[in-house]
Amino acid sequence: MSHPLVMLLIPVVGAAATAVGPARWARWTAFLFTLAAFGVSVVHAAQFPEWHSGRFWPAVDEGAPLAAFGVHMQLGCDSVSLLLLLLTTFMMPLTIAGSFSAVSEREREYYAWFQLLEAGILLAFLSRDFIVFYLGYEFTLVPMYFLISIWGGQQRRTAAIKFFIFTFLGSIFTLAAALYVAARQAEATGTWNFALASMVDFASTQLTGREQFWVFLGLMAGFAIKTPIFPVHSWLPLAHDQAPTGGSVILAAVLLKLGTYGVYRIALPMAPAGGVETATFFGVLGILAIIATAMICWVQTDAKKLIAYSSVSHMGFVIMGLFAFNPVGLQGSVMYMISHGLSTGALFLCIGMIYERFHTKEMDQMSGLARHMPVWACFMVLFTLASLGLPGLNGFVGEFLCLMGTFVAEHDQPAGYPGVMGPWFAVVAAAGLILGAMYLLILLGKIVWGPLKVPGASADPHEHAHGDQGHGHLPRDLNFREIAILVPIALACLGTGLYPRLLLDVTEPSVRETLADYPARVNEFNAERGLKNPTLGGPVAAAEARP
Amino acid sequence: MSELAQPSAGIVVALVLSAVLFTTGLVGFLVRRNMILMFLCTELMLQAAALAFIAFGKMRGDTGGQVFVIFILTVAAAEAALALGLVVLLYRRRETLSAEAWQELHE
Amino acid sequence: MTLPSLMLASVLAAASGDAAGHGSLADAPIVAATAAPELAWVGWVLALPALSAVACVLLAMLRVRNKLPAAATVLALGGAFALILKLYLSRGPNAAPVIVHLWDWMNFGWGGGDWKSFQADVSLYIDSLTLLWMLFVTGLGTLIALFASEYMESERGPGYARFFFGVSIFLLAMACLVMADNLVLLYLGWEGVGLASYLLIGFYYRKPSAVAAAKKAFIMNRVGDLGLAVGIWLIWVNYGTVEYGELFQKLAVGGSDQGGWDRSLIPFCLMLGAFGKSAQLPLFTWLPDAMEGPTPVSALIHAATMVTAGVYLIARMQPLFMLHPDAMTTVAWVGGITALVSATIGMAQYDIKRVFAYSTVSQLGYMFMGLGVGTAFGAAYHVFTHAFFKALLFLTAGAVMHGFAGQLDLRRLSGVRKVPGFGIVSWTMLVGCLWLAAFPYSAGFFSKDLILVQAMSKPQFQILGWLSLATAALTAYYTFRVWFRVCAGPVSYVPGEEAHGDHGHDDHGSQHHDDHGHAFHPHPPRLAMNGVLLLICLGAILAGIPGIQALRGQHNWVQEMVYASTAVRAAGVDHVTTPVAFGMDPHKVVSVFGIAASLGGIAIALWLHLLDRRMADRIRTALLSNGLTRWLPVAMENKWYFDEIYHALFRLPLWVASHLLHFFDRHFIDGVLVNGVGRVPTVLGRLFQPLYNGALQGYATTMAGGVILVLAWVAWRWLGAGGAA
Amino acid sequence: MTPWYVAAAIAAAGLVMVLRPGRVALRRAGAVIGLAGFAMLMGFGLRLAGASATSASTPLALAVATVGVIGAVRVITHTRPVFAAIYFVLTVISAATIFLMLEAEFLAFALVIVYAGAILITYMFVLMLAHQSPEDEIGRIGAEDYDRVPREPLVAVFLGFFLLAALGSVIERVPPMAADSAPSASIRTTDAMVQAQQRLPGMQAADGVPADQPDNVHVVGLDLVARYPASLELAGVILLMAMFGAVVLARRQIELGEDERRKAAGMGGMVLDLPENERGGA
């Protein structure tokens, strides 16, 4: 229990220190603590021995579980959760640094909540037990609620309440589904056990198809809202729009990933029969998300809302990849989760920098900022391109693999992983590539390019709160701090885009674990529909059989 | 001890009285507007509960009922002390004992 | 000297995937690509433009206002050209293909065997086709960058660095595209050149039209890219690999027939990509708009190199185009029709660069037609010659524009030839025009001839051949319409507005303003521009040599390079070079027709635009006044209303649907469903609100009611049995 | 089962009529009807117990119960709080009498002492504290509007009717269960008695002579300390907390009182938020 607990405790201690310490030190305390958490997580990653095995580390000590009522307070991660965890700890200090000039009221609380948020996210990613995961998963709502409702925009209260209630409502179903599984397990084995491994083992083998169907839907109810999938997304644009920049960044970069991570880690392995049965449904929802939200993005006038909706569209790709049930798609989804965290987080930071200067996010009020703030424009263009999936940058790998996974997810495809979706799903979803280019280039065309138009000074002098806090007015273009925030993200974007192998290699074993049950289940399901993979497990043999 | 199988008349009287007293207390709590009398009505209900405890204890030949009544007395005393203190505080604020003067719970 | 029928048979045989078709390729076995780690230095071809791009960024950050970015870029591109030349010289045209692995990219597997891994690395596939393309891409890239170093000097500062950053990125992406050893890396290059094109078209980003054109180019290309992506997925499903080497091997033995979509769809998907990038129908409207970019960009990206990527893709993937019998036919017809349609539009344009842009579309159509009718050599050769003469034409147009303050309207320029300092520009432009008009025995004539011959000699393509001849006549006409209007005739010119074109967007642009406020003096090009023009002109002249050799039936290096490429060998076509048409040597027949078309076009242009310039207007007026023919000039001047049709068919419905969806999302999903559900508790609360008036007893009443209900339920549920007994 | 409802309904109707303020005739009629309802309830209950169960003390018990009910009804209907409180004492005393009849002597007296002696006195004090006006005499305290007019009597009585009916149905289902659990109950009782005999001083059997039956006080005391010691401690803690609470509240009262005293002393003029005209007048 060395590193995981330390990793978890650093933000908690940091939050306490930030809350107790003097207000003018709050930001640096928070920054240093989150940086320390990043450092520890990097050390953890360096020591992590299971990169290529798909196993968890540290291994569960069955002899002396720190357990009560079947809840195991044991922490550990596998390669996928470690990657998401690294994403979290990487984005956190940058986000906090990005809030230095944006937040001037109640600083101690702000930074303390931020670190508690980090602790909650880390707990969810580090958990190996459903209840612990759920604790972390739900706990994140609390800091986020306060971040939105205290430091948010005009409609912050509505946004915060909607965010809280909406996501909370969904996760109640998730909890209920998991409790059902645990109860059935307790019925069968006589002991309560919430360890994910045992729940997955039990549920995927012992529950009937009908039960798995409902368990899957129940689990997805929470995860779908968190992700969010198309018709249950409406909390997101409002929350993003109203949240302070830092909140938006973490919301987009990490919190949404909790939903897809839940699908990946819990829903898919726990109820494979349910997953297979609902794959078409979620595939259609994914397509709807990609296309409909992209079209909605197209008519947005608020830059931040546009990016918020684009998140929904992008998460559609992740959903498609997850429900492809083959390594290509799942690898793509994991890649996409990480790259979306980087590029969308960075876009929110960029828009936040604009907002700090002009106090508006309306695209009609500004234009041609490339001339006014060229450095900012460079970053904005870079991250927009990353977001629209330009090859060589991070977004492409995930997007391409997600869609390719969907494309090859057919009953008789030769990769040994039959699926239920197939080419039509992929081709329709791929229209999102065009629409994505459309709305993102419109965003660029409106605010970065065009004749120069700088929004006038803020109408409300009270909003000039950062002016009286001793760090003066921001320069016209980005200052050193802001550049220093964006450069690491840009490098990460380039790095993941040009050498994704690093990530692809390590996620592959974990992906195969998640998919362990699927080929057989999918084949069964397809057989019921009259479709069968003639050569499951042996496409090579089929090729050899040819003269 | 077979006579325990049938409740004696005294027990029945106590039980019916308890039911009626409790109902009366409840009705009183709902209809009285004077905060002090509302508390008095809760005492009435506690009284009824005590009666029922005694009656059932007698019926089952168990002294636990009586012991419980002692606790009821304790709670009633504590409640009287605190609640009345609060009532006086409230009275000082509004110069009235009417419960309707206090509607802050209204959304 | 085989009969055309035999060739046709081999095409059809290959198309149907018949083993017999492959059997006939015994004389040209598919040479397996071998890894060549010793050639790792070729990686510098990618690294040099990348480095110059980084250098440009650094120079912009240092706020350098001199020509260092140009120097860095020209050096890097020249270095890349030198490396490619060295590679070519060291290998010769007939060497077996090699693969140079640089680093792993999208590469992962989930078990052994085919279909259990996905490999798309950053590695280079070097065969003769690659080298042919890279030679003219890097060579022209270097020259045009040199040209731009002078052309763009008014932008010195961040804009200058940005321009050369774009050029470097373009070369990097183009090198990836051409040298990729797998389709995904090709896709990277494919989108990368799109990005460079986006950045450079939108170079004058304060002009809304430039921004719109850049956006349009990127999005229309994305439509094509979608086709390419689907093609890649289909290839992987069917063959389990996206690497050329392995793919060609597997094609020979046939792939898996698994997967819901037939593999015969592959060529059509790839075709869509090629049409998008190479501006063919129906995705051609972005290219004329792309002329909003600086002229060197138009020359390099939108004439010489990037737009030929589609031709490269089809030439490279030729074996796959045999998977469906109609694939190549479709390519031929699309190419032919695009050539004709854009030539008609080009005839009626007044902006010099637009005329040349439509002529580019038209010439690209020729190339596709060449591929479609079965002469990869002809197509590649046309790409090669076209790269030179079209770059030359754009650069001369740019020089004119540079000199006359952005004036591009051919009605407002005349006799530039006689303006001092514009001699070289005018005469090199004449060379370009002659070459484009396929003047007899020019390089353009040879390459066009090869394509026409192939088309004419196949019965099913003869109509297409005649159409192309008509197109050739139109081409000659509109080309010389430009030259006779602009360079010949009496000297008269109107300087362009500063806002138009390339000038005066930066602060120091205002310095020019006073210079040509009243007495306008044209700025003749200086050393770098003239030198580059002469060099490219020389290249264009020399580009005719292989044509002469081909005409004489000799082997020439372009032909060798094309035939030696794995792709063409695997496709099993193009071994028959001397077909027969009309029972005669088709070269002779077609030459006669071709020369007639070319000279006829030039003659009409000479008459209408030099000798009697009023006549053109009279003809136009006559056409307009006649109700029957009125539509013709109007439609041609309005580009056959393609933009409007697309707007009405796609953009407008999408726009309306988007607004509806937005409304639906806000008011139905969020408003009715979410907030409605959210309001249910409130509404229920309203129902019982009398109970919750804030009075203590109100709550007490409710609580009592609840308690009583529970009690009653308990009494009935658990005590019921006892009571009944 | 139905008679319970009928009786409860009659009693409820009577209560509603009693709760009508001001209409004396109606209230009297209501009292009669209510008592009749109560009598029906009692009668039905006794019939449930069986004739054999009635003993000589039954009429006395009935009488006491009637007095208690009358007292309770007066508590909730009397317009003067002080009288309501005094009627409550009546109810307490009648309950204590019933306790005595059920052989719970200790609690009967404890009830009278604690309730009538302590709690009720507190109530009276508070009532008087709340009505400080010099013109109020003890007996005239209250009679304010909010004491005269009951609040939503119909709803309350309706609920009460249901409660009574539910309670009644519980009561009528009690006997068989008591019969079932009787043996264990008797064992426990015996157990306690045996323990009492062994442990309590002066109870030990001497030389085979059976000792006296331990009386109620003994048994309750033993139960309290032997069977429920933790609960006893808890009760102590509750009382302690209540004391703390009372002290805290009292302190508040004093502060508030000081405020008021200052105001009463005419220092309110120091407060600057007086209306403009008043300040001008001063």
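Predicted model: local features only at pLDDT ≥ 70, side-chain atom pairs only at ≥ 80, totals over all residues.
**Ground rules.** I number residues from 1 along each chain as its sequence is written, with chains lettered from A and ligands numbered from 1 in the order in which they are written. Local features need pLDDT of at least 70 and side-chain atom pairs count only at pLDDT 80 or more, while totals for chains, interfaces and linings use all residues.

**Chain B.** I looked up the elements of chain B and found three helices and zero strands. Helices (H or I, at least four residues) and strands (E, at least two) are DSSP runs, numbered from the N terminus. The pattern along the sequence of chain B is α-α-α. I then checked burial: of the 107 residues of chain B, 67% count as buried. Buried means that 20 or more other C-beta atoms, placed from the backbone, lie within 10 Å of the residue's own. Of the contacts in chain B with a separation of 6 or more, 53% are between residues 24 or more positions apart. A contact needs C-beta atoms, placed from the backbone, within 7 Å.

**Chain D against chain B.** I found 91 residues of chain D in contact with 70 residues of chain B. On the chain D side, helix α10 (residues 229–264) gives the most, with twelve residues. By class, that side of chain D has 67 nonpolar, 17 polar and seven charged residues. Nonpolar covers Ala, Val, Leu, Ile, Met, Phe, Trp, Tyr, Cys and Pro; charged covers Asp, Glu, Lys and Arg; the others, Gly among them, are polar.

**Chain C against chain A.** Here I noted 54 residues from chain C and 55 residues from chain A. On the chain C side, α8(C) gives the most, with 14 residues. I sorted this side of chain C into 29 nonpolar, 15 polar and ten charged residues.

**A helix pair in chain A.** I looked at α9 (residues 209–226) and α12 (residues 272–298) of chain A, which pack at about 75° with axes 7 Å apart. The axes are lines fitted to C-alpha atoms over the stretch in contact, and angles run from 0 to 180 degrees between N-to-C directions. The two helices α9(A) and α12(A) are therefore roughly perpendicular, a term for angles of 65 to 115 degrees. Residues in this contact include A:F213 and A:F216 of α9(A), and A:P272 and A:E277 of α12(A).

**A sheet in chain C.** I found an open sheet of three strands, ordered β1-β2-β3, with mixed pairing. β1 (34–35) and β3 (117–126) of chain C are at the edges with a single partner strand each, so one side of each has no neighbour in the sheet. β1(C) and β2(C) pair in the parallel sense over two bridges; pairing requires at least two bridges found by DSSP. C:A35 stands opposite C:I99 in β2(C).

Note on methods:
Contact = placed C-beta atoms within 7 Å. Parallel < 35°, antiparallel > 145°, perpendicular 65-115°, else oblique. Buried ≥ 20, exposed ≤ 12 C-beta atoms within 10 Å, placed from the backbone.
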